[in-house]
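Reader: Please take a close look at the charged side chains here. I would like one connected account.

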Amino acid sequence: MANSAQARKRARQAECRRIHNASLRSRMRTSVKRVLRALNTGDAEKAGAELKLAGPTLDSAATKGLIHKNKAARHKSRLNARLKALRAG
């Protein structure tokens with residue numbers, strides 16, 4: 001347990017950040033899963049719409065330091081490649 005006032009405050013702040021980060025991580029994962037679900041059902045229109053929403057969500061997570069910017073770019077690139085493949089037939 002934290003003994004000094006500074007350590008107690010840092011523990012409080014860490015807990016608040018943990019909850020906030022968990023919320024952002026959940027939102028990011030949900031947006032990616034929505035795109036994947038639309039891709040798996042073969043609905044290119046819905047997948048495209050969900051991808052437009054997922055892109056900024058991934059970018060936001062990268063900006064806030066939740067994930068690395070390269071990971072966000074990799075997710076967006078792979079989802080977009082699957083969408084293009086679906087549209088190509």
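Author: Start with Glu-15. Glu-15 is partly exposed, at 37% relative accessible area. Partly exposed sits between buried (under 20%) and exposed (over 50%), with a 1.4 Å probe and protein chains only. This is a predicted model: local features need pLDDT of at least 70, side-chain atom pairs count only at pLDDT 80 or more, and totals for chains, interfaces and linings use all residues. Residues are numbered from 1 along each chain as its sequence is written, and side-chain values use heavy atoms, leaving out hydrogens and water.

Glu-15 forms a salt bridge with Arg-18, at 2.8 Å from N to O. The term means a side-chain nitrogen of Lys or Arg within 4 Å of a carboxyl oxygen of Asp or Glu. The two residues are three apart in helix α1, so about one helical turn separates them. Helices are DSSP runs (H or I, at least four residues), numbered from the N terminus.

The whole structure holds two salt bridges. Lys-76 and Asp-59 make one, with their closest N and O atoms 3.0 Å apart. This pair links distant parts of the chain: Lys-76 is in helix α3 and Asp-59 in helix α2, 17 residues apart. Both ends are partly exposed: Lys-76 at 29%, Asp-59 at 34%.

Now Glu-50, also in helix α2. Glu-50 is buried yet has no salt bridge. Arg-34 is the nearest side chain of opposite charge, 4.7 Å away. Beyond its neighbours within four places in sequence, Glu-50 is in contact (heavy atoms within 4.5 Å) with Arg-34 and Val-35.

Definitions and conventions:
Lys, Arg positive; Asp, Glu negative; His and termini not counted.
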